[in-house]
Amino acid sequence: MLTFGAARIDKITDLDPFVLPATLLLPGRDLSELQGEAALLCPHHVDFDAGTLLISVHSFLLRVNGLNVLIDTCVGECKPRPRRADWDNRRATGYLERLAKAGVRPEDVDIVMCTHLHADHVGWNTRLEDGRWRPTFPNARYVMGLHELEHWQAEEAAAPGAHNHAAFADSVLPIVEAGLAETVTDGFSLSQGMDIIPLHGHSPGQIGLVLEGGGNGRAVFCGDAIHSPVQVFRPDWSSGFCHDPAQAAKTRKDLLERAAEEDLLLLPAHTRSAYGFRIRRDGNGHRPVMV
């Protein structure tokens, strides 16, 4: 649990570690360039010997202003994901039990915020009940970027089920059909001191959430603008899953620069062993300070 001003933040883990070959997550990049940073990156974030990146798939549970806000809903259960064996038709993962242990039941969630609509960020939007995909959080408004939703609606219309592990049909469309989706644009406020910002590039309409923390400054829930602390040292290394790698790199560089200037706490969606990090400058660029 992390206290940030008047807010409480918990990580609700769905999958940890999630191990990916560096050649898949960061194609064309050489991890050996970062051997000098092994003290920070090992053992939680990089396995240099295996050539793998280690990340976590988790939600952030944010409690502030009397609201329970769940940010990103991970992989989920019972979802057919045959191209990823560790996601495919998972059962008894304990995710909802961990949420309950943090003191929140599905019906207690007021807002589900989807930073973007990739399969590992929307899975728990729904759960299988009596053969149908139903909203897991029935009393929540599911906030998502307008441009993000429009992009995936167009993709689905053009080639149903052919993209994004077919997650639109089982994890997004049921939310839209239930009337629980709320589309937002840049600058929208979820509540006092909680503002939406654009973080486009990794996906066409990825958004982030800036949380005012009083004397603690501000925190940014930044989704997949940063996958790993590796990208703090190499911000030009966009992931192999980015829709627009050049834009993703620009978004990341701008975010890191802003974080260094304003002492922001960055809370990416996949950081292991910590909630996130602050950014410090040194002679070679930026460095993460884990929090």
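How far apart are the mean positions of the positive and negative charges of the protein chain? For the 28 positive and 38 negative charges, the answer is 3 Å, with Lys and Arg taken as positive, Asp and Glu as negative, and His and the chain ends not counted; each charge sits at NZ of Lys, CZ of Arg, CG of Asp or CD of Glu.

A word on the ground rules: this is a predicted model, so local features need pLDDT of at least 70 and side-chain atom pairs pLDDT 80 or more, while totals for chains, interfaces and linings use all residues. Numbering runs from 1 along each chain as its sequence is written, and side-chain values use heavy atoms, leaving out hydrogens and water.

Zooming out, the protein chain has 8 helices and 17 strands (DSSP runs numbered from the N terminus: H or I of at least four residues, E of at least two). Of its 291 residues, 55% count as buried, meaning under 20% relative accessible area with a 1.4 Å probe, protein chains only.

Now look at strand β9 (residues 141–145): 4 of its 5 residues are buried, so the rest of the structure largely encloses it. Strand β6 (residues 111–114) pairs with β9 in the parallel sense over 4 bridges (pairing takes at least two DSSP bridges), and C114 has M144 as its bridge partner. β9 also pairs with strand β10 (residues 181–184), again parallel and over 4 bridges; here G145 stands opposite V184.

Finally, R81 lies in the loop between β5 (67–71) and α3 (95–101). R81 counts as buried because its relative accessibility is 1%. Beyond its neighbours within four places in sequence, R81 has contacts (heavy atoms within 4.5 Å) that include W87, D88, H165 and D170.

Terms used. Buried < 20%, exposed > 50% of the residue type's maximum accessible area, 1.4 Å probe, protein only.
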